[in-house]
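Please take a look at the structure shown here before reading on. The text after it goes from the whole chain to single pairs of side chains.

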Amino acid sequence: MEAGDSKKFRTCYNYQQQIIERVEGGYYLDQDPTIQLPDEILAYILSFLTLKDAIATSVLSKRWKGLWAFVTRLHFDHKISWLDDDLIIMKEKSASERQIVAKKLEAENTDRFVRQVNRVLKLHKSPTIEEFRVCVELDENYKINIDEWLKFALTRRVQRLELYMAWHHIGPLPCSRRPYNLVLPSETVSVSDFKSLKSLHLKAVDVSGQVLENILANCPVLEWFAVHGSLELKTFKLASPSLVLKYLEISWCPNLNSIEICNLTNLVRFGYRGPDMNLRLNNVPRLVELSISGRQIQQSMPDFLPKFSSCFSQLETLELDEHWYQPRIDHARRVKKAGKWPHERLEEVELAGYYGSKSHQELVIYFLENATILKRIIVRPCDQSHDYMKLQLPITRDVIMMEKAARRRAKEQLRGIIPPVDSTLRKSNKAEMRDLKAEVCDLSAEVYDLEAEVCDLNAEVYDLKAEHRAQVLDLKSVVRDLKAEARDLEAEVRDTKADLKAKTRDLKADPRS
C-alpha cells in the first residue's frame with residue numbers, strides 16, 4: 001500500500017469509527033461539523049462498514065436516509081447459526097425427525113437470505129461498484145437468482161467479484177447437491193461483461209475450462225484469479241502473453257486432468273491444491289512463488305521435479321504441502337538422487353505434511369544440495385490439527401498420536417541429513433530472541449501507556465461534550481426567557497398603541513376637551 005493510499009485509508013477509518021459510535025449511541029450526525037461532507041465521500045466511507053451497519057445509518061437523519069444505497073462495496077455473508085438453538089427444542093425427537101426439521105429450517109433461512117439480497121440490490125443506486133461478494137451455500141436450484149446477481153454486478157463494472165457458493169467447506173466439496181453451473185453466454189450475462197474485473201474468485205461454482213478461458217481472454221485488467229471446487233473443470237490452459245494476470249490459484253477440482261500455463265509474462269504466484277494431474281509451466285519469467293499441495297508430492301524426485309524445472313532458477317518461495325492425504329510410507333524403495341536444477345534465488349522452503357516417506361527425504365536432500373543461498377528450510381510433520389481447526393472438527397486422540405509419531409520419525413530421519421546448527425550461532429540466535437522479547441515488552445508497555453492516554457483523552461472529550469451540552473441547554477433556556485420577555489414587551493407596546501389611538505379618536509371627536 002502506497003503512502004497516499006495508507007493516509008486515505010486512515011482518514012476513512014477514523015470517519016468510520018465516528019459513524020459507528022454515533023449509530024450505536026443514537027447521535028444525530030447533522031449536529032457534528034466534522035461530518036458535513038459531500039454525499040459521495042460519505043458513501044465512500046460507508047463502504048468500509050458492514051452492509052448492516054451502513055443501512056443502520058438511515059435512522060440518523062433525513063440526509064442519511066438511503067445514503068447506504070450508494071456504497072461501492074457489497075458483501076453478503078450467510079452464516080448458519082440458528083440451527084443449534086432451534087434444534088435444542090427437538091431433543092425429545094428422533095435423529096431422523098431432527099434431520100428433517102434441520103433441512104426445513106435451512107431451506108427457509110436460505111430463501112430469506114436470497115430475498116434480502118434481492119431487496120438490497122433493487123434499492124441500490126450507485127452506477128458503479130468496487131467489490132461484490134456473496135458467501136452462501138446455494139445450488140443449481142437458485143441459478144436464476146445467482147445469474148441476476150451476476151448481471152447486477154457486471155453491469156455496474158465491478159472490479160472484485162467473489163462467489164462462494166459453499167462457504168463452510170475447505171476441502172473437496174460434497175456431491176449431495178448439484179452445484180451452481182456458470183454457463184456463458186447466458187440469457188442475462190455474456191463473456192464481454194467481465195472486462196472491468198481485476199479480481200475473480202469462484203468457489204463451489206461449476207465452470208468448464210472453455211468458459212474460464214473465454215472469461216480470462218476478455219478480462220484485460222484481471223490480476224487475481226482463483227477457482228475452487230469446480231466439478232466441471234477438466235482441462236485448464238492459459239497461453240496469452242497479453243494477460244496481466246499476476247496471481248493464479250486452482251484448488252480441489254477433482255476431475256481436473258491437466259493444467260498448461262505458457263507465456264504468462266506477468267504471473268508472480270501460482271498455487272495448486274488437489275489430486276495428481278499433468279502440470280506444465282513454461283515461459284513464466286516473473287514467477288517467484290510456487291505452492292503445490294497434493295498426492296503428487298509423494299512421487300519420487302526424478303518423477304516430480306522435472307514438472308517445475310523450467311521455473312526453478314527464478315523461484316524465491318516454494319511451499320509443498322501434503323496435509324490432506326494419508327501417508328504412504330514406502331519402506332521398500334531406496335532413496336533416489338534427483339537431477340540438478342539451480343536455485344539461485346531460493347531462500348526459504350517449507351515442507352508441510354512430512355510423513356517420512358522416501359520422496360520426502362529426497363526433497364530435503366535435493367534442496368540442501370541445489371539451493372545455493374538457502375537460509376531456512378521448514379519441515380512440518382503431519383500438522384493435521386491445524387486443518388481440523390479450519391474445518392471446525394474435533395481433534396481426536398488418533399490425530400494427536402499421528403502427529404507425535406510423524407514428528408518423532410522426522411527427527412530420526414533428518415538428524416543425519418540436515419547439518420547441525422553451530423553452537424555459537426545458536427547462542428547468538430538466543431541472544432537475539434531475548435533482545436526481541438525485551439523490545440516487544442517495551443513496545444507493549446508503550447502501547448499500554450498510549451491506550452491509557454487515549455482513555456484519559458476520551459474521558460476529557462466526554463466531559464467537554466457534557467459541559468458543552470449543558471451550556472447549550474443553558475443558552476437555550478436564556479433564549480427562551482428573552483423571547484418570553486420580548487413577547488411581553490410586544491404585548492405592552494400593542495396595548496400602549498391601542499390606548500394612544502383611542503385617546504386620539506376621543507380628542508378628534510371632542511376638541512374642547
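Predicted model: local features only at pLDDT ≥ 70, side-chain atom pairs only at ≥ 80, totals over all residues.

The chain contains 12 helices and 16 strands. Its length is 513 residues, and 38% of them count as buried. Contacts show how the chain is folded back on itself in sequence terms: among those between residues at least 6 apart in sequence, 66% join residues at least 24 apart.

Salt bridges give specific examples of links within the chain. How many salt bridges does a search of the whole structure find? The search finds 10. One of these pairs is E131 with R160, whose side chains meet at 3.1 Å, N to O. The two residues belong to distant parts of the chain: E131 is in strand β2 (residues 131-135) and R160 is in strand β3 (residues 160-164), 29 residues apart. E131 counts as buried because its relative accessibility is 16%, under the 20% limit for that class. R160 has a relative accessible area of 26% and is partly exposed. This pair also belongs to a network of salt bridges, in which R73, E130, E131 and R160 are linked.

Another salt bridge is formed by the side chains of R133 and E162, at 3.0 Å, N to O. This pair, too, links distant parts of the chain, with R133 in strand β2 and E162 in strand β3, 29 residues apart. Strands β2 and β3 are therefore linked by the pair E131 and R160 and also by the pair R133 and E162, and R133 itself counts as buried, at 18% relative accessibility.

Are the two partners buried or partly exposed? R269 is buried, with a relative accessible area of 19%, whereas E289 is partly exposed, at 32%.

The structure holds 0 of them. Two cysteines can still be placed by their accessibility. C219 is buried, with a relative accessible area of 1%. C253 also counts as buried, at 1% relative accessibility.

Rolling a probe the size of a water molecule over the atoms shows where empty space is left. The second largest pocket has a volume of about 460 Å³. Its lining is made up of 21 residues, and those that lie nearest its centre are L51, K52, H75, F76 and D77. Which element supplies the largest share of the lining? That element is α5, with 6 residues. By type, the lining of the second largest pocket divides into 11 nonpolar, 6 polar and 4 charged residues.

Conventions:
Residues numbered from 1 in each chain as written. Heavy atoms only, no water. Disulfide = S-S within 2.5 Å. Buried < 20%, exposed > 50% of the residue type's maximum accessible area, 1.4 Å probe, protein only. 1 Å grid on protein atoms, 1.4 Å probe; cavity = no way out; pocket = protein on both sides within 12 Å on 5 of 7 lines; lining within 4 Å. Points joined across faces, edges and corners; volume = space filled by probe spheres on them. Helix = DSSP H or I, 4+ residues; strand = E, 2+ residues; numbered from the N terminus. Nonpolar A, V, L, I, M, F, W, Y, C, P; charged D, E, K, R; others polar. Salt bridge = Lys/Arg side-chain N within 4 Å of Asp/Glu carboxyl O. Contact = heavy atoms within 4.5 Å.
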